[in-house]
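Here's a structure to walk through together. Take a look at it, and then we'll go through its overall build and its charged pairs.

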Amino acid sequence: MEDDIQEEVLSQFKERRLGGWQVLQLAAGTGLAVYAVWAGILMPGFRRVPLRLQVPYMPASRTQVSNVMTLLKGRSGGIADLGSGDGRIVLEACCQGFSPAVGYELNPWLVRLAYFHAWRAGQHRSVSYRREDLWKVDLSAYKNVTVFLAPSVLSLLQKKLLAELPEDALIVAGRFPFPDWTACKVEGDGVDRAWAYHIQELRHRYQSQDIHEETS
């Protein structure tokens with residue numbers, strides 16, 4: 001499915017230089033303009049998602065992206081952005097050498113928008129945006145995971161990350177921290193703040209708690 005979406009978007013961009021007016025026309029033609037109006041009422045794909053798991057689209061600011069990348073500094077390998085929106089986290093990670101750089105997003109228009117941004121940056125062959133349910137994605141191959149999700153979703157996501165991620169994985173959360181975890185490092189202030197978590201430390205902490213409960 002992701003290949004079909006990518007080719008559909010790229011076919012509209014190849015051998016074309018787009019100015020501001022042309023981009024606006026293209027957006028209208030592909031449904032992006034309609035999405036901008038409609039998104040505030042009902043986002044595509046939400047019909048299949050319980051209310052408490054719905055996360056309204058709010059693009060990451062440059063500062064937020066920078067803070068996430070600062071927490072990932074010195075790391076390498078694959079990266080997955082869960083709820084990748086317009087793809088800016090994945091795109092920046094790709095530019096900084098992470099591979100594969102993959103975003104998971106249910107909203108089809110945001111997937112198309114993400115590929116458009118990647119095309120403009122010349123990275124459309126180096127990133128991957130997949131229209132998949134993050135709860136059904138196997139994360140065992142990713143050493144780096146980023147999330148910009150609501151607290152109600154983060155509390156449920158903790159169990160999946162603990163069960164699937166490799167021992168040397170790092171998780172970075174933006175805007176909201178994981179409610180039950182203690183971050184190993186924090187970057188930024190206010191709404192731009194990002195939190196980093198080492199999966200190995202988290203597992204060790206949970207194992208220690210289990211041992212303490214068994215002996216008390």
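How many helices and strands are there in the chain? There are 8 helices and 7 strands, where helices (H or I, at least four residues) and strands (E, at least two) are DSSP runs, numbered from the N terminus.

Before going further, a word on what you're looking at: this is a predicted model, in which local features need pLDDT of at least 70 and side-chain atom pairs count only at pLDDT 80 or more, while totals for chains, interfaces and linings use all residues. Residues are numbered from 1 along each chain as its sequence is written, and side-chain values use heavy atoms, with hydrogens and water left out.

Now for the big picture. The chain has 216 residues, and 46% of them count as buried; buried means under 20% relative accessible area, exposed over 50%, and partly exposed in between (1.4 Å probe, protein chains only). The chain exposes about 11,500 Å², with carbon and sulfur atoms supplying 52% of that; accessible areas come from the Shrake-Rupley method with a 1.4 Å probe, and for residues only the protein chains shown count as cover. As for contacts (heavy atoms within 4.5 Å), take those with a separation of 6 or more: 65% of them are between residues 24 or more positions apart.

On to the charges. Side chains of opposite charge can pair when their charged atoms come close. How many salt bridges does a search of the whole structure find? It turns up 4, counting a side-chain nitrogen of Lys or Arg within 4 Å of a carboxyl oxygen of Asp or Glu.

One of them joins the side chains of Asp86 and Arg88, at 2.5 Å from N to O. Asp86 is buried, at 3% relative accessible area, whereas Arg88 is partly exposed at 34%.

Another salt bridge pairs Lys143 with Asp168, whose closest N and O atoms are 3.5 Å apart. This pair links distant parts of the chain, 25 residues apart: Lys143 sits in the loop between strand S3 (127-130) and strand S4 (144-147), and Asp168 in the loop between helix H7 (151-164) and strand S5 (170-174). Lys143 is partly exposed, with a relative accessible area of 38%, and Asp168 is partly exposed, with 38% as well.

Helix H7 has a pair of its own. Lys160 forms a salt bridge with Glu164, with 2.8 Å between the closest N and O atoms. The two are 4 residues apart in helix H7, so about one helical turn separates them. Lys160 is buried at 9%, while Glu164 is partly exposed at 24%.
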